[in-house]
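Work through the exercises below with the model open. Try each task before reading its solution.

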Amino acid sequence: MQRIRLRYTKRGRLRFTSHRDFQRAFERALRRAEVPMAYSAGFTPHPKVSYANAAPTGTGSEAEYLEIALTEARDPDRLRELLDESLPAGLDVIEAVEARTSGLADRLTASVWELRLNGVDPVDAERAVAAFVEAGAVEVQRMTKNGVRTFDARAAVASLESVDTHSSHADRPTDQPCAILRLVVRHVTPAVRPDDVLSGLRAVADLAPPVPVAVTRLAQGLFDEETGTVTDPLAPDREAAATVPVTAGATAAATAPE
């Protein structure tokens, strides 16, 4: 009857939760919030939840997306509040819109990542970034279920730059020398992840942070080739909702029970 799209976060220690861990936590939240979920057919029905391009385990995120199907209409803002209250701190539902367009997954074509390199001098990081950007190709290796795979990490990178540490949104501040990198990477096959870019920086400039890098996804959405920016994937739904008149009956049906 109604589809709701949600944006949620993985912050602090919760960035170490796997996608399966989040699925279990979210389904418990749906039950606690008494959300009228639609279920699949068959012998083992499960809630109709569509997850889109989840961040790797160990990375933080400010822009994770999913879509749920309801059997009764609910107000998206009230639904967001109920789900947010039912999830642990760090897994925060920060936006909800009614799905009025198709193809949410098709609008997630790129991500903006922030990489916090504790113990790395910003000058060394800038030198490594320049070497990576100027390279025509940067081959890296990754272990997959079919064995070691070699691929080009450079082609998927739309931009990579060193930024002022004071403008960082990373969730692990430190007094030690630190470099902050801002990465925009296209969603291609095979997927290029932030750790692949770090492997590329090590390959072209021998950049090896002394401690694990704190990685946070700041945004994901449709990549604009002209401006080099990543656009908000929920904007089309908000715009469509603004142009549709709401009737008194629909308003009453959308009111969540107390």
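**Exercise 1.** Does Tyr51 count as buried, partly exposed or exposed?

Solution. Start with the ground rules. This is a predicted model: local features need pLDDT of at least 70, side-chain atom pairs count only at pLDDT 80 or more, and totals for chains, interfaces and linings use all residues. Residues are numbered from 1 along each chain as its sequence is written, and side-chain values use heavy atoms, with hydrogens and water left out.

Next, the cut-offs. Buried means under 20% relative accessible area, exposed means over 50%, and partly exposed is in between (1.4 Å probe, protein chains only). Tyr51 has 23% relative accessibility, so Tyr51 counts as partly exposed.

**Exercise 2.** Classify the aromatic pair of Tyr8 and Phe22, then that of Phe22 and Tyr51.

Solution. Step one: the criteria. Rings of Phe, Tyr and Trp (its six-membered ring) pair if their centres lie within 6.5 Å; planes under 30 degrees apart are stacked, over 60 edge-to-face, and the rest tilted. The structure holds three such pairs.

Step two: Tyr8 and Phe22. Tyr8 lies in strand β1 (residues 2–10) and Phe22 in helix α1 (residues 19–32), so the pair ties together parts 14 residues apart in sequence. Helices (H or I, at least four residues) and strands (E, at least two) are DSSP runs, numbered from the N terminus. Both Tyr8 and Phe22 are buried; for Phe22 the relative accessible area is 3%.

Step three: Phe22 and Tyr51. The centres are 6.2 Å apart and the planes make 85°, an edge-to-face pair. Tyr51 lies in strand β2 (residues 49–52) and Phe22 in helix α1, so this pair ties together parts 29 residues apart in sequence.

Step four: the cluster. Tyr8, Phe22, Phe26 and Tyr51 form one aromatic cluster.

**Exercise 3.** Describe how helices α3 and α4 cross, and name the residues that make the contact.

Solution. Take the geometry. The axes of α3 (residues 122–134) and α4 (residues 194–205) come within 9 Å and cross at roughly 95°. That makes α3 roughly perpendicular to α4. Axes are lines fitted to C-alpha atoms, for helices over the stretch in contact, and angles run from 0 to 180 degrees between N-to-C directions. Angles of 65 to 115 degrees count as roughly perpendicular, under 35 as roughly parallel, over 145 as roughly antiparallel and the rest as oblique.

Then list the contact (heavy atoms within 4.5 Å). Helix α3 brings Ala128, Val129, Ala131 and Phe132, while α4 brings Val197, Gly200, Leu201, Val204 and Ala205.

**Exercise 4.** Which residues touch the most other members of the largest nonpolar core?

Solution. A nonpolar core is a set of buried Ala, Val, Leu, Ile, Met, Phe, Trp, Tyr and Cys residues joined through side-chain atoms within 4.5 Å. The largest has 26 residues, and Leu115, Leu160, Leu181, Leu183 and Leu201 touch the most other members. The elements giving two or more residues to this core are β5 (110–118), α3, β8 (157–163), β9 (178–186) and α4. Another core lies apart from it, with 22 residues, among them Ala29, Ala33, Leu70 and Leu87.

**Exercise 5.** Which residues does a cis peptide bond join?

Solution. Thr189 and Pro190 are joined this way, with omega about -5°. Pro190 sits in the loop between β9 and α4.
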